[in-house]
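Please keep the sequence and the structure in view while reading.

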Amino acid sequence: MMPWNIAHRGGAQLRPENTLAAFADAVWRCCQGAELDVQLTADGHVVVHHDWRLKPGLARDRDGHWLTESTPHINELTLDELRSFDVGRADPESAYAKAHASVRWQDGECIPLLSEVIAVAKTARTPFRLVVELKTSFANRAEGSDPEELADRTIAVLREHHYLDQTVFVGFDWAALIAAKKLAPQTAQIGRAHV
């Protein structure tokens, strides 16, 4: 079997990571799939975002000001609160922007719902796999979502949009992967160790 060409966080070295622009670009480049991280908002929506909080220098408020300090955890903010931030461009003076000099930034990007990423994935001409990291924290449960609830809601979205057969679950926290396996035994599960 040939290795898959998977866009990490949708292609974080090319477009703003974990945004619809990144996933659309991965489809356009004919990748076979994309890796992404899912978390729950305070009001129970499955969103695609890597870090536990919005990063200063990588998010702007409604007035266009860069965040200067971390926000509350993703699971402490509602979807509307999260959507008020633009995550399509890094502060040019930040270490992140300098380390990602090749990224084609795109203003107006917000944290997407998993369902929106699935809609983009469905535009691919060939099967497009989603490698979904269930982002929970074994070390500090308050940082992330409850593992069973996250697995349940993520699988519900994937099932509703008929995308379970194109999904592989990954994660650092076995509790989330075990819950996903119970709910959707047909999907692949891959545990990862911290490195």
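Is strand 2 (residues 33-40) largely enclosed by the rest of the structure or open, and why? Eight of the eight residues of strand 2 are buried, so strand 2 is largely enclosed by the rest of the structure. Here, buried means under 20% relative accessible area, exposed means over 50%, and partly exposed lies in between (1.4 Å probe, protein chains only). Helices (H or I, at least four residues) and strands (E, at least two) are DSSP runs, numbered from the N terminus.

The model is predicted, so local features need pLDDT of at least 70, side-chain atom pairs count only at pLDDT 80 or more, and totals for chains, interfaces and linings use all residues. Residues are numbered from 1 along each chain as its sequence is written, and side-chain values use heavy atoms, with hydrogens and water left out.

The table lists the pairings of strand 2, where two strands pair if DSSP finds at least two bridges between them.

From strand 1 the chain passes through helix 1 (residues 20-28) to strand 2, a right-handed β-α-β crossover. A crossover is right-handed if, with the strands pointing away from the viewer, the path from the first strand over the helix to the second runs clockwise. Strand 2 and strand 3 form a hairpin with five residues between the strands, and in this hairpin Gly 44 has a positive phi near 85 degrees.

Thr 19 lies in the loop between strand 1 and helix 1. Thr 19 counts as buried because its relative accessibility is 0%. Leaving aside residues up to four places away in sequence, Thr 19 touches Val 87, Glu 109 and Pro 112, where contact means heavy atoms within 4.5 Å. In helix 1, the buried residues include Ala 21, Ala 22, Phe 23, Asp 25, Ala 26 and Val 27. Their cover includes strand 1, strand 2, strand 3 and helix 4 (114-121). After helix 1 comes Cys 30, with a positive phi near 65 degrees.

**Strand 4 and strand 5**

Strand 4 is also largely enclosed by the rest of the structure, because five of its six residues are buried. Four bridges pair strand 4 with strand 5 (residues 167-171) in the parallel sense, and Val 131 stands opposite Val 168 in strand 5. Strand 4, helix 5 (residues 147-160) and strand 5 make a right-handed β-α-β unit.

**The enclosed space**

Rolling a probe the size of a water molecule over the atoms shows where empty space is left. On a 1 Å grid over the protein atoms alone, a cavity is a set of points where a 1.4 Å probe fits but cannot get out; lining residues have an atom within 4 Å of a point. Grid points are joined across faces, edges and corners, and a volume is the space filled by probe spheres set on the points. By this rule there is one cavity of 30 Å³ or more. The largest cavity holds about 150 Å³ of space. It is lined by 16 residues, of which Glu 17, Asn 18, His 49, Leu 58 and Val 87 are the closest to its centre.

Key. On a 1 Å grid over the protein atoms alone, a cavity is a set of points where a 1.4 Å probe fits but cannot get out, and a pocket is an open set with protein on both sides within 12 Å along at least five of seven lines; lining residues have an atom within 4 Å of a point.
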